[in-house]
Amino acid sequence: MISPADMILFAAVVREESFTRAARQLGITKQTISERISKLEERLGVRLLERTTRRLRVTGAGATYYERCSAIAAQIDEANSEVQQRQAEPTGLLRVSSPMLYGRRYLTPVVAKYLARHPQVRVEVVLADRRIHLIEEGLDVAIHIGPLDDSSLVARKLGESPFHFVASPRFLSKYGTPSARELRSARCIGFSAFETWEAEGVKSRIDPVLTVNDLELACEAAIAGVGIARVPAILCRDAVRDGRLKLLFGPRPAMQRAIHVVYPSRLNLPAKVRLFVDALATLAEPLHGGPRRKRS
């Protein structure tokens with residue numbers, strides 16, 4: 001069988017009217033081109049080129065063959081360009097997963113700007129506070145908060161989410177402001193029946209007076225005076241600024257949780273994924289700072 005690569009090589013030789021120039025263009029040696037053209041002629045049983053020390057002349061059969069080879073080369077270039085263009089210009093459906101709080105607070109402006117810039121893409125956002133299996137669930141990108149537990153995924157850090165201990169002024173006036181050692185006996189709002197909290201280097205196992213499964217609910221309960229909560233800065237900063245909540249144990253965060261965007265592989269990464277990851281990194285609000293203080 002005749003190799004299409006040899007047909008493209010023959011077309012380059014005729015177009016350049018020189019083995020030397022064709023070799024330079026294709027990045028191979030003049031000797032390699034000469035040998036491959038000779039084998040091509042041998043397989044075809046036709047003389048395609050007349051070679052002399054001064055010039056290269058195409059035979060009648062070679063001229064007819066060149067027209068076909070040139071058309072094939074152009075079709076291959078067109079196919080390659082089309083695929084590369086699709087890779088450069090994002091198209092199709094992009095499926096994104098995010099924890100509920102992050103998705104509600106940060107994803108809408110990112111997705112809006114992304115869709116405005118890339119109108120051929122459709123985006124599906126899945127909000128879920130659970131472990132996401134990207135490949136099994138057919139997702140392209142996921143926002144992950146906390147320790148990464150899947151080393152097979154590519155991860156890009158977006159920032160960190162600081163958490164603070166907070167309580168309402170009403171609660172503190174009624175029950176007093178606890179020390180770090182008194183936290184274990186304080187009225188707390190938690191996420192499981194028993195949790196271990198750490199404040200000022202002291203670890204305490206707490207028995208929550210209220211157990212919830214939603215961070216926003218925990219923050220609202222703290223504002224209502226139910227107890228002490230440990231919540232992200234993005235949730236409590238406005239309430240701290242307005243005086244509805246107070247930080248406990250100083251301004252230093254109780255803990256920091258890393259925020260990553262993860263995706264399956266860097267290999268042949270689709271443009272829709274690459275550009276969305278870039279958009280997240282540049283458009284999402286940085287999460288390094290803690291609650292904003294009241295201005296005096």
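**Figure 1. Lining of the second largest pocket in the predicted model**. The residues that line the second largest pocket are His 164, Phe 165, Glu 198, Ala 199, Glu 200, Gly 201, Leu 248, Phe 249, Gly 250, Arg 252, Pro 253 and Ala 254. Two or more lining residues come from each of strand 6 and strand 8. By class, the lining of the second largest pocket comprises six nonpolar, three polar and three charged residues. The volume of the second largest pocket is about 210 Å³.

**Figure 2. The largest pocket and the residues closest to its centre**. The largest pocket holds about 930 Å³ of space. Its lining is formed by 45 residues, of which Pro 99, Arg 130, His 144, Ile 145 and Arg 257 are the closest to the centre. Several elements each give two or more residues to this lining: strand 3 (92-98), helix 5 (100-117), strand 5 (141-145), strand 6 (154-167), strand 8 (195-199), helix 7, strand 11 (228-232) and strand 13 (255-263). The lining of the largest pocket divides into 25 nonpolar, eight polar and 12 charged residues.

**Figure 3. Crossing of helix 7 and helix 8**. Helix 7 spans residues 215-223 and helix 8 spans residues 233-242. Their axes come within 10 Å and cross at roughly 20°. Angles under 35 degrees count as roughly parallel, and helix 7 and helix 8 are therefore roughly parallel to each other. The crossing of these two helices is right-handed.

**Figure 4. Residues in the contact of helix 7 with helix 8**. From helix 7, the residues that take part are Leu 215, Glu 216, Cys 219 and Ile 223. They meet Leu 235, Cys 236 and Ala 239 in helix 8. Six residues of this contact are nonpolar, none is polar and one is charged.

**Figure 5. Contact of helix 5 with helix 8**. The axes of helix 5 and helix 8 come within 11 Å and cross at roughly 65°. The contact of helix 5 with helix 8 consists of four nonpolar and two charged residues, with no polar ones.

Key: Residues are numbered from 1 along each chain as its sequence is written. This is a predicted model: local features need pLDDT of at least 70, side-chain atom pairs count only at pLDDT 80 or more; totals for chains, interfaces and linings use all residues. Side-chain values use heavy atoms; hydrogens and water are left out. Axes are lines fitted to C-alpha atoms, for helices over the stretch in contact, and angles run from 0 to 180 degrees between N-to-C directions. Helices (H or I, at least four residues) and strands (E, at least two) are DSSP runs, numbered from the N terminus. Angles under 35 degrees count as roughly parallel, over 145 as roughly antiparallel, 65 to 115 as roughly perpendicular and the rest as oblique. A crossing is left-handed if the near helix is turned anticlockwise from the far one by less than a right angle, and right-handed if clockwise. Contact means heavy atoms within 4.5 Å. Ala, Val, Leu, Ile, Met, Phe, Trp, Tyr, Cys and Pro count as nonpolar, Asp, Glu, Lys and Arg as charged, and the others, Gly among them, as polar. On a 1 Å grid over the protein atoms alone, a cavity is a set of points where a 1.4 Å probe fits but cannot get out, and a pocket is an open set with protein on both sides within 12 Å along at least five of seven lines; lining residues have an atom within 4 Å of a point. Grid points are joined across faces, edges and corners, and a volume is the space filled by probe spheres set on the points.
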